[in-house]
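Q: I would like to learn how to read packing features from a set of coordinates. Please take them one at a time.

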Amino acid sequence: IALLVVNHRFKISLHMASISGTAAILFFMRYGTRPIPIVDESLLFSVAVGCALFIPILWWARTRLTAHTEKELAWGTAFGLTLPTLELLALSPLIA
């Protein structure tokens, strides 16, 4: 919801927010304040790294297609990395 509210006023890249947010969540699940026990931690790490490595590829593609400016891509990436991390930090005391 926050992403839609922000994007209504300022154009930011939803693609960048999504992929960077996914990477942030996966890294938090593994290395956060209370790591969540996962059956296969190496798979979780691999997917998180894959998402993180995909960020510059997606950045290049969105720039090449002239779908966004550099500023819009940067704001989308920052939003995707920041908001999920802050939400998980706030909710981590509630997670068993």
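Predicted model: local features only at pLDDT ≥ 70, side-chain atom pairs only at ≥ 80, totals over all residues.

Q: How many aromatic pairs does a search of the whole structure find?

A: The search finds 2 aromatic pairs. Planes over 60 degrees apart count as edge-to-face, so the angle settles the label.

Q: Which parts of the chain does the pair of phenylalanine 27 and phenylalanine 45 tie together?

A: Phenylalanine 27 belongs to helix α2 (residues 14-31) and phenylalanine 45 to helix α3 (residues 41-64), so the pair joins parts 18 residues apart in sequence. Phenylalanine 27 is partly exposed at a relative accessible area of 27%, and phenylalanine 45 is partly exposed at 36%.

Q: What is the geometry of the pair formed by tyrosine 31 and phenylalanine 45?

A: Tyrosine 31 and phenylalanine 45 are also edge-to-face, at 6.4 Å centre to centre and 85° between the planes. This pair again links distant parts of the chain, with tyrosine 31 in helix α2 and phenylalanine 45 in helix α3, 14 residues apart. Phe27, Tyr31 and Phe45 make up one aromatic cluster.

Q: How should I read the arrangement of α2 and α3: roughly parallel or roughly antiparallel?

A: Start with the distance and the angle between the axes. For α2 and α3 the axes come within 9 Å and cross at roughly 160°. An angle over 145 degrees counts as roughly antiparallel, and α2 and α3 are therefore roughly antiparallel to each other. The crossing of α2 past α3 is left-handed. By residue class, the contact of α2 with α3 has 18 nonpolar, 3 polar and 3 charged residues.

Q: Where do the axes of α2 and α4 stand, and which hand does the crossing have?

A: The axes of α2 and α4 come within 7 Å and cross at roughly 35°, and α2 passes α4 in a right-handed crossing. On the α2 side the contact residues include Met16, Ala17, Ser20 and Gly21. On the α4 side they include Gly76, Thr77, Gly80 and Pro84. The residues of this contact divide into 10 nonpolar and 6 polar, with no charged ones.

Q: Is threonine 77 buried or exposed?

A: Relative accessible area is the value to look at, and under 20% means buried. Threonine 77, in helix α4 (residues 70-91), has a relative accessible area of 11% and is therefore buried. Apart from neighbours within four places in sequence, threonine 77 touches Met16, Ala17, Ser20, Ile55 and Trp59.

Q: How far apart are threonine 82 and glycine 21, in sequence and in space?

A: Sequence separation and spatial separation are read side by side. Threonine 82 and glycine 21 are 61 residues apart in sequence and 7.8 Å apart in space, C-alpha to C-alpha. Threonine 82 lies in helix α4 and, at 41% relative accessibility, counts as partly exposed.

Note on methods
Residues numbered from 1 in each chain as written. Heavy atoms only, no water. Phe/Tyr/Trp six-rings, centres within 6.5 Å; stacked < 30°, edge-to-face > 60°. Helix = DSSP H or I, 4+ residues; strand = E, 2+ residues; numbered from the N terminus. Buried < 20%, exposed > 50% of the residue type's maximum accessible area, 1.4 Å probe, protein only. Axes fitted to C-alpha atoms, helices over the stretch in contact; angles between N-to-C directions. Parallel < 35°, antiparallel > 145°, perpendicular 65-115°, else oblique. Left-handed = near helix turned anticlockwise from the far one by under 90°. Nonpolar A, V, L, I, M, F, W, Y, C, P; charged D, E, K, R; others polar. Contact = heavy atoms within 4.5 Å.
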